[in-house]
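Subject: Structure handover

Hello,

Here is the structure I promised to pass on. Please open it first, then read my notes below.

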Amino acid sequence: MAFARTCSVALVGVDGVVVEVQADLEPGLAAFSLVGLADKALLEARDRVRAAVSNSGEKWPLRKLTVGLTPASVPKSGSGYDLAVACAVLAAAERLDPASIDGLLIIGELGLDGRVRPVRGVLPAVLAAADAGYRQIVVAEQTAAEAKLVPGVSVLGVRSLRQLIAILTNAPVPDEPPDPSNGRPDSSFAGLLLPGLGVRDLTSEPALRPDLADVAGQYEARQALEIAAAGGHHLYLKGPPGAGKTMLAERLPALLPPLTSAEALEVTAIHSVAGLLPSDRPLIDTPPYCAPHHSTTMPAIIGGGTGLPRPGAVSLAHRGVLFLDEAPEFPVRVLDALRQPLESGEVMIARAAGSMRLPARFLLCLAANPCPCGRYSLRGEGCECTPVMVNRYQARLSGPLLDRVDLQVQVAGVTKAELMQRGGRAESTATVAARVREARARAAARLVDTPWRTNAEVPGHELRTRWQLAPGSLADAERDLDRGLLTARGLDRVLRVAWTVADLAGRNCPNRSDVQTALTLRTGVQRVLRPTDRRNDPRYPYADAGTDADPDPGDAS
């Protein structure tokens, strides 16, 4: 009896589980059995591996062969085990020294000609291997740059099984041509990069990058966009067609600060599992932008599918922006399914084949017309929709969902003067992004000893107890709460936005005007301030300059 083992990785969502690949040869009729809860693609590895070994100039053992993948209780899918299975079989047949592969972790698909092809999810697989103590990793050459993002591991990228055999046996390494397609794109990526739910890169090409200065007018919406980026607050833009809602949303990712090293690894791992990681960009260091069509299904938005679930749009937008244009046109069940990840920053998906947790901390941006025809307003300018049609259309965005959206802004139609204005005062993306970075730095310094990094992540209880406001600052919000115009969750979200407004203004603590600004941006009701309250309010730029003092507690009523 001959026996050999090596290791590979099984992916469960975006988490990896180290799998031991065992090969056992016994006397008997030639047969190849593969056990260990494998899916259809993995069961077909028997034919791929046999052909790859034969076409690499090696002799296939004509004995009873059993390949086991342990732990057997973990579902295993995909073709990433091919290279590990081939090495284990050759070691059991004494073509390789079993000790030479015992400490390796091998990931890669085999073509019938013996070439090693890339697979999805290399980054999370290598992260799991590093956590398990493995330091020597073998992958396809095309994904070696992605694997090298993990510190503390030695990565070997190979082009073919022949090259790996030569390296393990200390023989001369054959020279494999890097591109067998005569100048055409590498066919090994044909099934690796899949179309992905409206994921677009709006920040990598500076010449084509959307700029906030292109948006005509919409000063209140621009302010809401800046506050949303600075604090990570969810945003709802409602207005007639052509007002600039989509333009504003497309410029939101560029306002967000670059991802930290840990965040970049998180985002890259998700996109690698989903098959959306470009071959020339192994690390995603800018916030992603995902804008799915309104016909997208529930599994595509939340995650799921047949067998083990896969990441959906909410996970692909992790640490970035999820933009739902024409939000009322999305199925109501899909919209309401967003409520849990909006609160927790993750989704837990359970299927018959298994359960998994996927990160989903994104900034949600909704855009909607006021009615089916888009012309509804308080003045009724040309709207042909009946009141029942208008109410039914607006009710597709449920109250519990909108209660989780911090900023709800009415985007009015652009006037002729704003549209035709030349040399206006509109600020560029770079100018606004600089203020956003400063505000985020202030928030990060305040939250340095906490698990939170943005104001939108801080629980309301912490804001009310750990960082208390001056007496009277919350008078207007408390009044709306008593009247039933604001829920307890709404009060907490108003408080979070007020802290972001104060961070943007450079204040150490929100005052009453900051809270009123947050209330206005949430409810759409303009708050009337007394002259004594206008000194520090950004909505009154020509008010007399005043100190940073809060309103008198006795004047709160």
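Helices (H or I, at least four residues) and strands (E, at least two) are DSSP runs, numbered from the N terminus. This is a predicted model, where local features need pLDDT of at least 70, side-chain atom pairs count only at pLDDT 80 or more, and totals for chains, interfaces and linings use all residues. Residues are numbered from 1 along each chain as its sequence is written, and side-chain values use heavy atoms, with hydrogens and water left out.

**Overall**

The protein has 23 helices and 19 strands. Buried means under 20% relative accessible area, exposed means over 50%, and partly exposed lies in between (1.4 Å probe, protein chains only). Of the 557 residues, 50% count as buried. The protein exposes about 24,900 Å². Carbon and sulfur atoms supply 52% of that area. Such areas come from the Shrake-Rupley method with a 1.4 Å probe; for residues, only the protein chains shown count as cover.

A contact means heavy atoms within 4.5 Å. Take the contacts in the protein with a separation of 6 or more: residues 24 or more positions apart account for 71% of them.

**K40 and helix α1**

K40 sits in helix α1, which covers residues 40-43. Is K40 buried or exposed? K40 is exposed, at a relative accessible area of 61%. K40 and S79 are 39 residues apart in sequence. In space, their C-alpha atoms are 9.7 Å apart.

**Helix α7**

Helix α7 spans residues 161-168. Six of its eight residues are buried, so α7 is largely enclosed by the rest of the structure. The buried ones are L161, Q163, L164, I165, A166 and L168. After α7 comes N170, with a positive phi near 60°.

**Backbone points to check**

- T70 and P71 are joined by a cis peptide bond, with omega about 5°. P71 lies in the loop between β4 (64-70) and α3 (82-92).
- Q218 is not a glycine, yet its phi is positive, about 55°. Q218 is in the loop between β10 (199-200) and α8. Its relative accessibility is 9%, so Q218 counts as buried.
- R319 is not a glycine either, and its phi is positive at about 65°. R319 is in the loop between α13 (313-316) and β15 (321-324). Its relative accessible area is 24%, so R319 is partly exposed.

**Helix α23 and its partners**

Helix α23 covers residues 512-523. Which helices pack against α23? Among them are α8, α22 and α21.

Some terms before the details. Axes are lines fitted to C-alpha atoms, for helices over the stretch in contact, and angles run from 0 to 180 degrees between N-to-C directions. Angles under 35 degrees count as roughly parallel, over 145 as roughly antiparallel, 65 to 115 as roughly perpendicular and the rest as oblique. A crossing is left-handed if the near helix is turned anticlockwise from the far one by less than a right angle, and right-handed if clockwise. For residue classes, Ala, Val, Leu, Ile, Met, Phe, Trp, Tyr, Cys and Pro are nonpolar, Asp, Glu, Lys and Arg are charged, and the others, Gly among them, are polar.

Start with α8 (residues 219-231). It packs on α23 at about 110°, with the axes 12 Å apart. That makes α8 roughly perpendicular to α23. The crossing is left-handed. E220, Q223, A224 and I227 of α8 meet T517, T520 and L521 of α23. By class, this contact has three nonpolar, three polar and one charged residues.

Next is α22 (residues 488-505). The axes of α22 and α23 come within 8 Å and cross at roughly 120°. The two are therefore oblique to each other. Their crossing is right-handed. From α22, the contact uses G490, R493, V494, V497, A498, V501 and A502. From α23, it uses D514, V515, T517, A518, L519 and R522. These residues divide into eight nonpolar, two polar and three charged.

A475, D476, A477 and D480 of α21 make the contact with R512, V515, Q516 and L519 of α23. Four of these residues are nonpolar, one is polar and three are charged.

Best wishes
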